[in-house]
Amino acid sequence: MIAGEYLTGTILKMKVSDSEVLKAKSGRWVGVDGAGYLQMGSATSVDIMGWVTGSLEETSSSTAGGTSWFVETDFLSKLWVMPACNTTGVGATEAELLAAIGETCDITMESTSYQYCDIGLSDVDILLVYGYIYEGSAYGKQYAIVKPNVAKLVYTSH
Amino acid sequence: MNAGIYSTGSVITMKCGASAVVKGKSGRFVQANDSGYIAQIAGTTLDIIGWVVGSFDATAASTAGDTAWAVETNIFGKLFVMPACHGTGTTATEAQLRAAIGESIDIILESTYYQYATTAASTYDIIIPYGYIYEKSGYGHQFLIVKPNPDKVAYATH
């Protein structure tokens, strides 16, 4: 094959690192590990490569590369819905969500495997908030409509 | 709701700040204020989050949040046409428009509310021209085709 010969579109099937946990009711931001396998984004991730498509819940194979997921790589042009909180385990009020629009905040991992947009954290500032969905005051009933903050994306040199 | 299922696309309805103004023959870039409501940008604004969709002239209600506009958030993936000048009240020549292509320049506000791309200023460098429309000589008859400069946008932390 001649690399560069053709355009593949924006969704790419990518091999996953070992034992990665993907949840439906979660953000689905992914990066890659040093070996080139997908791994779920974490609270400190700044090398976001895309968003796993669909609503699949799955734990990848215990062998790296044994599982593949489809990844939307055109992640800067679209808005994404993910659960929101105001610091770990605390629901965000509607006023707090509104005030977060246009500002940056962090991803936090809730119950280990769930990516939340944490409007109470502003250390990494990898998310930019554009809107919200407020279904109620209980924890887990708020969602943020976000994009990665283009000013904070950083990729490791090879 | 099952967050993670979907992307919302790139256009989102956002509530406006009190008495926010958008003009038809103007750039339509917006920011979000501290309360999360959108407002027209000024020449010094670095936190551009979108472009108001449409060509309508409007002034938002005097109560923040009572008016909402559709905002295109894919500001780095699309080109936007806005009026151009060569400094306040000064017509840009075709040569000046052409010379600005590929370089970064500023936005200024003309007559308070009209966002113009100015080929005469390069202090904030918030937009990059990709092309131009030169209808004829005379102020207000030149346009630049631009995108925000991803190296210059910066957002407040929450």
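Q: Which residue takes a positive phi in the hairpin of S4(B) and S5(B)?
A: Strands are DSSP runs (E, at least two residues), numbered from the N terminus; helices are H or I runs of at least four. The hairpin has five residues between S4(B) and S5(B). Phi is positive, near 95 degrees, at Gly36(B).

Q: What pLDDT do local features need in this model?
A: Residues count from 1 along each chain as its sequence is written, while chains are lettered from A and ligands numbered from 1 in the order in which they are written. The model is predicted: totals for chains, interfaces and linings use all residues, side-chain atom pairs count only at pLDDT 80 or more, and local features need a pLDDT of at least 70.

Q: Over how many bridges do S4(B) and S5(B) pair?
A: Two strands pair if DSSP finds at least two bridges between them. S4(B) and strand S5 (residues 38-40) of chain B run antiparallel. Ala32(B) faces Ile38(B) in S5(B). The bridge count for S4(B) and S5(B) is three.

Q: Are the residues on the two faces of S4(B) buried or exposed?
A: A residue is buried with 20 or more other C-beta atoms within 10 Å of its own, exposed with 12 or fewer, and partly exposed in between; C-beta atoms are placed from the backbone. One side of S4(B) (residues 29-32) holds Phe29(B) and Gln31(B). The other holds Val30(B) and Ala32(B). All four are buried.

Q: Which strands stand at the edges of the five-stranded open sheet in chain B?
A: The strand order is S10-S11-S9-S13-S12 in chain B, with mixed pairing. Each edge strand has a single partner, so one side of it is left without a neighbour in the sheet. The edge strands are S10 (106-110) and S12 (127-134) of chain B.

Q: By how many degrees are neighbouring strands of this sheet turned against each other on average?
A: Axes are lines fitted to C-alpha atoms (for helices, over the stretch in contact), and angles run from 0 to 180 degrees between N-to-C directions. For this sheet, direction is ignored. The average turn is 50 degrees.

Q: Which residue of S11(B) stands opposite Asp106(B)?
A: S10(B) pairs with strand S11 (residues 114-118) of chain B. The pairing is antiparallel, over five bridges. In S11(B), the residue opposite Asp106(B) is Thr118(B).

Q: How far apart do the C-alpha centres of the two domains of chain B lie?
A: Domain bounds come from an automatic or database domain assignment. Chain B splits into domain 1 (11-72) and domain 2 (80-148). Their C-alpha centres are separated by 20 Å.

Q: How many residues of domain 2 of chain A are in contact with domain 1 of chain A?
A: Two residues are in contact if their C-beta atoms, placed from the backbone, lie within 7 Å. Chain A is divided into domain 1 (12-72) and domain 2 (80-148). Domain 1 of chain A gives 14 residues to the contact. Domain 2 of chain A gives 15.

Q: Which element gives the most residues to the side of chain A that touches chain B?
A: The contact takes 36 residues from chain A and 29 from chain B. Elements giving two or more on the chain A side include helix H1 (94-100) and strand S9 (104-110) of chain A. The most, five residues, comes from S8(A).

Q: How many residues on the side of chain A that touches chain B are charged?
A: Ala, Val, Leu, Ile, Met, Phe, Trp, Tyr, Cys and Pro count as nonpolar, Asp, Glu, Lys and Arg as charged, and the others, Gly among them, as polar. This side has 20 nonpolar and nine polar residues. The charged ones number seven.

Q: What radius of gyration does chain A have?
A: The radius is taken over C-alpha atoms, and the globule rule is 2.2 Å times the number of residues to the power 0.38. With 158 residues, a compact globule would come near 15 Å. Chain A agrees with that, at 16 Å.

Q: Is Ile11(A) exposed, partly exposed or buried?
A: Ile11(A) is in strand S1 (residues 11-16) of chain A. Beyond four places in sequence, Ile11(A) touches Thr53(A), Phe70(A), Val71(A) and Glu72(A). Ile11(A) has 14 C-beta neighbours inside 10 Å, so it counts as partly exposed.
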